[in-house]
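Hello,

Here is the structure I promised to pass on to you. Please open it beside this email, and the notes below will walk you through what turned up.

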Amino acid sequence: MPYTQGLYPIVRKGNLAKNIYDFTILCPEIAAEASAGQFAHVKAPGFMLRRPISICETNQKAGTIRLVMEIRGDGTERLAAENAGGLMDLMAPLGHGFTLLPPDKKAVVIGGGIGVPPMLEVAKHYTANATAILGFRSASAVILKEDFEQIGAKVVLCTDDGTAGQKGFVTSALEELFLTEKPDVVYSCGPTPMLKAVAAMAEAKGIYCEVSLEERMGCGVGACLVCACKTKKDGTEGYSHVCKDGPVFDSREVVF
């Protein structure tokens, strides 16, 4: 899939929670090509390596994409300092995204923390046929809940400390959902232990599942080989590259 590199205007900036920022960027050629689960490789001024940021939403009509990022170091802190009216250096859309079934199928999207943003574009495809299970540390860390509700998805909110939604992990909510229904597909993005558990639960129920992995990246296009992850295909273990072969994988292929 083609990608573009350039400087694009920031048309809106928001602050969703502590250290989590929300940017809308005008880039019609990127918006025209982006699909759910892909990412942008963003250059922070003064830093050599780009930072991979999941594409949260795409608006082809407006020619914009939405990036939600968390400050995790000096580079993302510098990016978070950008403001509306400025420019952002993007390479996008990159990577292999989610496989979307017909929108009348039943889908469960599961996000943990900063793994929640890329699930929004997936849920938009299924609208009322999507159940979004969203997990956060506490009420102060909750983001995008209203966005999922606005597109008609059923939202199940979980927090580790019980300060919002139900107390506990997203896996408990998924287990509860499986007691009453069998969705056609499960999608997930978040911490590796969460992905491993979700994948195992979906496989035990015979439900197709895709997971979006996170790895440190250099080039973002499969040339530098930094972001290797262990996968299994046709019974043989090997290595795939998250930036090019992923970040989305069939969960049965990932060796956690």
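Let me start with a question: which way do strand β11 and strand β12 run, and how many bridges join them? The two strands run parallel, and 5 bridges join β11 (residues 185–189) to β12 (residues 208–212). Within this pair, valine 186 has cysteine 209 of β12 standing opposite. Please keep in mind as you read that this is a predicted model.

**The open sheet**

β11 and β12 belong to an open sheet of 7 strands, whose order is β10-β9-β8-β7-β11-β12-β15. The pairing in this sheet is mixed. At its edges you will find β10 (166–167) and β15 (248–250), each of which pairs on one side only. Helix α5 (residues 170–178) lies across β7, β8, β9 (154–159), β10 and β11, and runs at about 155 degrees to β8.

**The barrel**

There is also a barrel, closed by 6 strands in the order β1-β2-β5-β4-β3-β6 with antiparallel pairing. From one strand to the next, the twist averages 45 degrees. To see one of the pairings, look at β1 (residues 4–17) and β6 (residues 87–94), which run antiparallel and are joined by 6 bridges. Here tyrosine 8 stands opposite methionine 88 in β6.

**A helix with contacts to both**

**Salt bridges**

Side chains of opposite charge can pair when their charged atoms come close. A search of the whole structure finds 13 salt bridges, and three of them are worth a look.

- Aspartate 89 and arginine 50 meet through their side chains, with 3.0 Å from N to O. Aspartate 89 and arginine 50 are both buried.
- Aspartate 147 pairs with arginine 66, and their closest N and O atoms are 3.0 Å apart. Because aspartate 147 lies in helix α4 (residues 145–150) and arginine 66 in strand β5, the pair ties together parts that are 81 residues apart in sequence. Both residues are buried.
- Glutamate 82 pairs with arginine 78, where the closest N and O atoms are 2.7 Å apart. Glutamate 82 is buried, with a relative accessible area of 12%, whereas arginine 78 counts as partly exposed at 32%.

Salt bridges with shared partners also join Arg12, Asp22, Glu57, Arg66, Glu121, Lys124 and Asp147 into one network.

**Leucine 144**

Finally, is leucine 144 buried or exposed? Its relative accessible area is 4%, so leucine 144 counts as buried. You will find leucine 144 in the loop between β8 (130–136) and α4. Setting aside neighbours within four places in sequence, leucine 144 is in contact with Leu16, Cys56, Arg66, Val116 and Pro117. Among these contacts, Arg66 is also the salt-bridge partner of aspartate 147.

Methods. Residues are numbered from 1 along each chain as its sequence is written. This is a predicted model: local features need pLDDT of at least 70, side-chain atom pairs count only at pLDDT 80 or more; totals for chains, interfaces and linings use all residues. Side-chain values use heavy atoms; hydrogens and water are left out. Two strands pair if DSSP finds at least two bridges between them. Helices (H or I, at least four residues) and strands (E, at least two) are DSSP runs, numbered from the N terminus. Axes are lines fitted to C-alpha atoms, for helices over the stretch in contact, and angles run from 0 to 180 degrees between N-to-C directions. A salt bridge is a side-chain nitrogen of Lys or Arg within 4 Å of a carboxyl oxygen of Asp or Glu. Buried means under 20% relative accessible area, exposed over 50%, partly exposed in between (1.4 Å probe, protein chains only). Contact means heavy atoms within 4.5 Å.
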